[in-house]
Structure formats: structure tokens, C-alpha cells
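This report looks at charged contacts and surface patches. Please keep the model open while reading.

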Amino acid sequence: VNEKWLDQLENIEKEIFSAQENREEADKQAEQAKKKASQYEKKLTEIAPMVKDMERFAEKYSADPEEVLPEAGTLETGKSYREKKAKPLIKKIVTVLRSVYRAYLDLSRRFSDMQKSYEKAWGKVNSLTARVEELWNENRALRERLGDLGRVERALGRDTVETIVQKEKRLEEVQRMQKQRQKRKIDRGER
């Protein structure tokens, strides 16, 4: 009975150590995901003013044509006015609108990409936070088991417990070696 308790307590110590390592790794991953999320937030805040500037730029050139087009000269014909003043102005407006539209498409694509990346990063943060919480709970349970191990050591004596643990380790190693030999025999027999 004592050997079983000691074996269980040794396994608990191993589990506690493993859980602490897992928790530390999950904490690091959660911190990295939070940093990524904050970077994406910063990028989103950088893009927002660009979109507003582009909207103001578009408003500037969407004024009433009568205000934008120059007045016709006194003796100027409709054809010469159209060729010399209206068409060049319309070409400039079309060029500006195309560049605005291209910039808008580029910014909207970048914005949607950033939103996806931001959502992905927050998803990682949430999953890592859940994993950290799970590891905390596991760590708490393992600490309770470690306390039980300490009680057993006090009751039986540290030397007795250590002797039993070493004996169990050797027994486990012998069993593992026997399984490997048996597996090798089976593998060789199948060939």
C-alpha cells in the first residue's frame, strides 16, 4: 500500500512540474498574442485617418460643376470652350477620381486584412487565456497532491519514501526494457 502511495506521489510531483512548465509556456504565448493584437489595433488606428482624408479629398472634387468649370469667354464658342476648358478639367477630375478609387480599394483591402488578423489574434488570446486558466486549476490540484506527498513523507519518513520511489523507478525501467525486448522479438518474427 505504501509503495502505491509513493508511486502515485512521485507521479504527482512529475505532473506538477509538467503543469508548471505548460502554464509558463501558455503564459508566454498569451502575452505574445496580446502584443500582436495591440499591434493590429495600432495599425487600424493608423488607417482610420487615411480613410477620412480620402473622404475629404473626394468631397473637395465632388463640388457642383458650375463652381468648378471656368466661365466662358465673351466671344468663345461652345466647341472651343468644350475643347480648351471643359475636357481638360474633366480629364483631371477623372484622373483624380481613379487615383482616389485605387487608394480607397487599397485601404479597404488593408483594413479588411487587418481586421481578420486582429480577430485571429484575439481568438488566440482567448484560447490561450482559457488554457492558462485550465493549467492554473490543474496546478492547484497538483499542489494539493504535493501536500499529500509531504504528509506521507512525514508519516513514513523521507528515507523510506525515497527508497520506495527508487525501487519503483527501477521496477518500471525493467518492465519497460522487457516490453521493448518483447516488441523486438515480435517485429523480428513478422519479418
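## Salt bridges and surface patches

Arg158 is exposed, at a relative accessible area of 58%. Here buried means under 20% relative accessible area, exposed over 50% and partly exposed in between (1.4 Å probe, protein chains only). The partner of Arg158 in a salt bridge is Glu153, which counts as buried at 18% relative accessibility. A salt bridge is a side-chain nitrogen of Lys or Arg within 4 Å of a carboxyl oxygen of Asp or Glu. Shared partners also link Asp106, Arg109 and Asp113 into one salt-bridge network.

This is a predicted model, where local features need pLDDT of at least 70 and side-chain atom pairs count only at pLDDT 80 or more, while totals for chains, interfaces and linings use all residues. Residues are numbered from 1 along each chain as its sequence is written, and side-chain values use heavy atoms, without hydrogens and water.

The count of salt bridges comes to seven. Among them are these:

| Salt bridge | Closest N and O atoms |
|---|---|
| Asp27 and Arg23 | 3.9 Å |
| Arg131 and Glu134 | 2.7 Å |
| Glu153 and Arg158 | 3.6 Å |

Asp27 is partly exposed, with a relative accessible area of 29%. Arg23 is buried at 14%. Arg131 is partly exposed at 32%, and Glu134 is partly exposed at 44%.

The protein averages a pLDDT of 81, and 88% of the residues score at least 70. pLDDT is the predictor's confidence in each residue, from 0 to 100.
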